Amino acid sequence: MSFLFLRSHYSLSYRTFQLFLHLRSHHESCVLTAGRKTNAVHYWSLHDNKILRKFRGHSAPVSDISLSPTEDLFLTAAEDRTVQLWNIQQAGCVAKMDLPTETEGIPRAVFDSTGMVFAVMAAMTGGQGHY
C-alpha cells in the first residue's frame, strides 16, 4: 500500500479537481481520491479514466483515507468530526463513529497492518493534547 498526497490541480478526464488525498487501492489501476471542494471520496479507474463509485456521507471535507490491507474496506476521517467505514464494492457507509465534541482540527484514521484494528486521532480543544 502506498500513499501519495497531492495539493495541486490534477486533471482527470475532462474535469479539473483540486485533489487533497490520493490512495492506491488493491486493484492496480484504481485509486481512491478526496478533494477539498467536495465532501466525497471517488473511486477512479485509471484504465478507463472514469469514476466507478462515489462515496458520500461527510458534511465537511475528508481529511484522511486509510485502506484495509486485507479487504476492500477503507476508513475516512473528515473535518465534520466523524470517521466512516466503507466497502469499495458498496455504495453507502458501513459504519460511522462520531468524535467527541471536545475535538478540533483535522482528525486522522488508519488501519494497522492486520486490518483488524484501526486508530483515530483528533486534537482536544484548547491544545490540551490528543484523543
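Analyst: Buried here means under 20% relative accessible area, exposed means over 50%, and partly exposed lies in between, with a 1.4 Å probe and protein chains only. By that rule Cys30 is buried, because its relative accessible area is 5%. Cys93, at 34% relative accessibility, is partly exposed.

This is a predicted model, in which local features need pLDDT of at least 70 and side-chain atom pairs count only at pLDDT 80 or more, while totals for chains, interfaces and linings use all residues. Residues are numbered from 1 along each chain as its sequence is written, and side-chain values use heavy atoms, with hydrogens and water left out.

The protein has 12 strands and 0 helices, taken as DSSP runs numbered from the N terminus (helices: H or I, at least four residues; strands: E, at least two). Of its 131 residues, 40% count as buried. The protein exposes about 7400 Å², of which carbon and sulfur atoms supply 51%; these areas come from the Shrake-Rupley method with a 1.4 Å probe, and for residues only the protein chains shown count as cover.

Cys30 belongs to the largest nonpolar core, a group of 12 residues that also includes Leu32, Val41, Phe55, Phe74 and Trp86. Such a core is a set of buried Ala, Val, Leu, Ile, Met, Phe, Trp, Tyr and Cys residues joined through side-chain atoms within 4.5 Å. Strand S4 (30-35), strand S5 (41-45) and strand S7 (62-67) each give two or more residues to this core. In soluble globular proteins, nonpolar side chains tend to be buried together.

A second, separate core of 7 residues includes Leu75, Ala77, Val83 and Ala109.

Strand S5 also holds Ser45, which counts as buried because its relative accessibility is 4%. Leaving aside neighbours within four places in sequence, Ser45 is in contact with Cys30, as well as with Ser29, Lys50 and Leu52. The side chain of Ser45 also reaches the backbone nitrogen of His47 at 3.5 Å.

A disulfide is a covalent bond between the sulfur atoms of two cysteines. With the criterion of a pair of cysteine sulfur atoms within 2.5 Å, the count comes to 0 disulfides.

Key. A polar contact is a pair of N or O atoms within 3.5 Å; within protein, one must be able to donate a hydrogen and the other to accept it, and residues adjacent in sequence count only if both atoms are side-chain atoms. Contact means heavy atoms within 4.5 Å.
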